[in-house]
Amino acid sequence: MSKISPCLWFDGEAEQAAKFYVSLLPDSRIETVQKSPADGPAGKAGMVLVVEFTLAGQRFMALNGGVKMQYTHAVSFKIDCADQAEVDCLWDALLSDGGKAEQCGWLQDRFGVYWQIVPTALPKYLGGPDRAGAQRAMQAMLKMVKLDIEGLRRAYEGKSAA
């Protein structure tokens with residue numbers, strides 16, 4: 001059966017990015033590093049051309065394409081986090097060395113790739129049976145940069161911030 005895997009485009013940083021990403025999540029590893037057999041648009045013979053890696057069980061490819069390309073919000077990678085400690089850890093790691101925080105749990109890492117760091121509790125508050133609570137949780141989320149599980153819970157339950 002055919003498989004789909006994302007290919008991320010870099011300008012000379014494919015191996016550095018892949019090593020960084022696999023350091024963040026369990027069930028992650030570098031699979032292969034392919035060097036360019038000849039001079040070409042991506043650089044000289046012997047330079048890293050392609051890195052195949054697994055990130056949380058999902059296969060990826062990083063390609064040194066030879067020119068800087070810009071990522072957009074149109075494609076992002078969502079990481080479901082079990083608790084606030086995991087949200088905080090991944091948030092801080094992905095923002096390190098030049099990342100940019102955005103609204104509602106989104107960020108752009110130092111390589112320009114967009115990520116959504118989302119607690120698994122979020123659907124419980126946004127889709128819970130209390131529709132007024134869900135609306136309060138949505139309004140609270142829209143004011144957040146990094147998502148705060150306790151803040152979402154308190155909003156859902158109609159409790160003011162401590």
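Leaving aside its neighbours within four places in sequence, with which residues is leucine 94 in contact? In this predicted model, the residues that leucine 94 touches beyond that range are Phe20, Tyr21, Leu24, Ile79, Gly99, Leu107, Asp109, Arg110, Trp115 and Ile117.

## Overall architecture

The secondary structure of the protein chain amounts to five helices and eight strands, and these elements follow one another along the sequence in the pattern β-α-β-β-β-β-α-β-β-β-α-α-α. Along its principal axes, the C-alpha trace spans about 65 × 35 × 25 Å.

The protein chain has 162 residues, of which 38% count as buried. Where contacts join residues at least 6 apart in sequence, 56% of them link residues at least 24 apart.

## The largest nonpolar core

In soluble globular proteins, nonpolar side chains tend to be buried together. Here the largest nonpolar core has 28 residues, and the residues with the most contacts inside it are Phe10, Tyr21, Phe53, Ile79, Leu94, Trp115 and Ile117. At least two residues of this core come from each of E1, H1, E3, E4, strand E5 (77–81), H2 and E8, and the largest share, six residues, is supplied by H1.

Helix H1 covers residues 14–22, and its buried residues are Ala14, Ala17, Ala18, Phe20, Tyr21 and Val22. The buried residues of H1 pack against strand E1 (7–10), strand E2 (29–35), strand E3 (48–55), strand E4 (58–64), helix H2 (84–95) and strand E8 (114–119).

## The second core and helix H5

A second, separate core consists of 14 residues, among them Met141, Ile149, Leu152 and Tyr156. In H5 the buried residues are Ile149, Leu152, Ala155 and Tyr156; because they cover an arc of only 130° around the axis, they lie on the same side of H5. The elements that cover the buried residues of H5 include H2, E8, helix H3 (122–126) and helix H4 (131–143). After H5 comes glycine 158, whose phi is positive, near 80°.

Glutamine 84, which is found in helix H2, has contacts with Lys146, Leu147, Asp148 and Ile149 when its neighbours within four places in sequence are left aside. A polar atom of the glutamine 84 side chain lies 3.1 Å from the backbone oxygen of leucine 147.

Strands of a sheet pair through backbone hydrogen bonds, either parallel or antiparallel. In this model, four strands form an open sheet with mixed pairing, in the order E5-E8-E7-E6. The edge strands, E5 and strand E6 (100–101), each pair on one side only.

Strand E7 (residues 106–108) and E8 run antiparallel and are joined by three bridges. Tryptophan 106 stands opposite glutamine 116 in E8.

## Salt bridges

The count of salt bridges comes to eleven. One of them joins the side chains of glutamate 52 and arginine 59, with an N to O distance of 3.4 Å. Both partners are partly exposed, glutamate 52 having a relative accessible area of 30% and arginine 59 a relative accessibility of 38%.

Salt bridges also link Glu150, Arg153, Glu157 and Lys159 in a network.

Technical notes
Residues numbered from 1 in each chain as written. Predicted model: local features only at pLDDT ≥ 70, side-chain atom pairs only at ≥ 80, totals over all residues. Heavy atoms only, no water. Buried < 20%, exposed > 50% of the residue type's maximum accessible area, 1.4 Å probe, protein only. Contact = heavy atoms within 4.5 Å. Core = buried A, V, L, I, M, F, W, Y, C linked by side-chain atoms within 4.5 Å. Salt bridge = Lys/Arg side-chain N within 4 Å of Asp/Glu carboxyl O. Polar contact = N/O pair within 3.5 Å; in protein donor to acceptor, adjacent residues only side chain to side chain. Pairing = 2+ DSSP bridges. Arc of directions from axis to C-beta.
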